[in-house]
Amino acid sequence: MTTRRAVVTGASSGIGEAVVRALRASGWDVVGVARRAERLAALDAEVGSASFAADLTSAADVAALAEHLASTGDLHALVHVAGGARGVDRVEDGSVDDWRWMFEANVLSTQLVTAALLPLLRDGIRAGGGHADTLFVTSTAAQVAYPGGAGYNAAKAGEAMLVHALRLELNGEPIRVTEVAPGMVYTPEFTLNRLGGDRASAEKVYDGVEEPLQASDVADVIAYALNAPGHVNLDLVTMRPVAQAAAHVLARGELRPRG
């Protein structure tokens, strides 16, 4: 069987970059997608991935990505990591501009990319791929609301509902639809962007938390899901560090047995 090929969005940092590394390590051909071409090029040089620079909120860029993928080989998996958060405002004083950006980045871009690449995934199956994968990284913020999180909660819940509907719509085709919903992951760039570049506040998010998840932990789960036998679908994987019992319940300090 020929080597399987995946496209990974959000590949220039954090979880997306870690997924590129994990899939390359398990033998996949990988096309990393993000806006920052220089970071993608450095990753390509290190792990042997291929890259395509694109803004996934742009229909023109997404169409160009699909055309590039169609001209360079079969496609077997879409791993959609790209997204983000802005602000921790309450509903009553939230920024409409920030909320609009989060909806564009987390929901509309997901729809654009999925619609553009599904035909290529079907072509990969017809060419002998056996099955195809769509995998979406959402968040535990899609499952439980928390104060100051309403904009991100709403955006990620919207993305999760898109994924749930997609699984129903693709029933009958050999296309797996997987959602991975991480809780606290030590991704300083994500947190820094969310907090408007306030580095001190970003660092406080992780203060005293014993072993938050790392991007590589999430990537390992994603690689497992894609490498599992083709008849096995992990519908939803919710993952958190042991220190985090829920989105808003977090232990700070050493974890130790009571008594």
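This is a predicted model: local features need pLDDT of at least 70, side-chain atom pairs count only at pLDDT 80 or more; totals for chains, interfaces and linings use all residues.
Local features need pLDDT of at least 70 and side-chain atom pairs pLDDT 80 or more, while totals for chains, interfaces and linings use all residues. Residues are numbered from 1 along each chain as its sequence is written, and side-chain values use heavy atoms, with hydrogens and water left out.

Colleague: Happy to start with helices: at what angle do α3 and α4 pack?
Modeller: Helix α3 covers residues 59-72 and helix α4 residues 96-129; helices here are DSSP runs (H or I, at least four residues), numbered from the N terminus. Axes are lines fitted to C-alpha atoms over the stretch in contact, and angles run from 0 to 180 degrees between N-to-C directions. The α3 and α4 axes lie 10 Å apart, at an angle of about 20°.

Colleague: How are α3 and α4 oriented to each other, roughly parallel or roughly antiparallel?
Modeller: Angles under 35 degrees count as roughly parallel and over 145 as roughly antiparallel. The packing angle is about 20°. That makes α3 and α4 roughly parallel.

Colleague: Which class do the residues of the contact of α3 with α4 belong to?
Modeller: With contact meaning heavy atoms within 4.5 Å, A59, V62, A66, L69 and A70 of α3 meet L112, V113, A116, L117 and L120 of α4. Ala, Val, Leu, Ile, Met, Phe, Trp, Tyr, Cys and Pro count as nonpolar, Asp, Glu, Lys and Arg as charged, and the others, Gly among them, as polar. No polar and no charged residues take part, and 10 are nonpolar.

Colleague: And how many charged residues has the contact of α1 with α2?
Modeller: The axes of α1 (residues 14-25) and α2 (residues 37-47) come within 11 Å and cross at roughly 20°. The contact joins E17, V20, R21 and R24 of α1 to L43, E46 and V47 of α2. By class there are 3 nonpolar residues, no polar ones, and the charged number 4.

Colleague: Nice! What is the volume of the largest cavity?
Modeller: On a 1 Å grid over the protein atoms alone, a cavity is a set of points where a 1.4 Å probe fits but cannot get out, and lining residues have an atom within 4 Å of a point. Of 13 lining residues, the closest to the centre are R86, G87, D89, W99 and M102. Grid points are joined across faces, edges and corners, and a volume is the space filled by probe spheres set on the points. For the largest cavity that comes to about 60 Å³.

Technical notes:
Helices (H or I, at least four residues) and strands (E, at least two) are DSSP runs, numbered from the N terminus. Angles under 35 degrees count as roughly parallel, over 145 as roughly antiparallel, 65 to 115 as roughly perpendicular and the rest as oblique. On a 1 Å grid over the protein atoms alone, a cavity is a set of points where a 1.4 Å probe fits but cannot get out, and a pocket is an open set with protein on both sides within 12 Å along at least five of seven lines; lining residues have an atom within 4 Å of a point.
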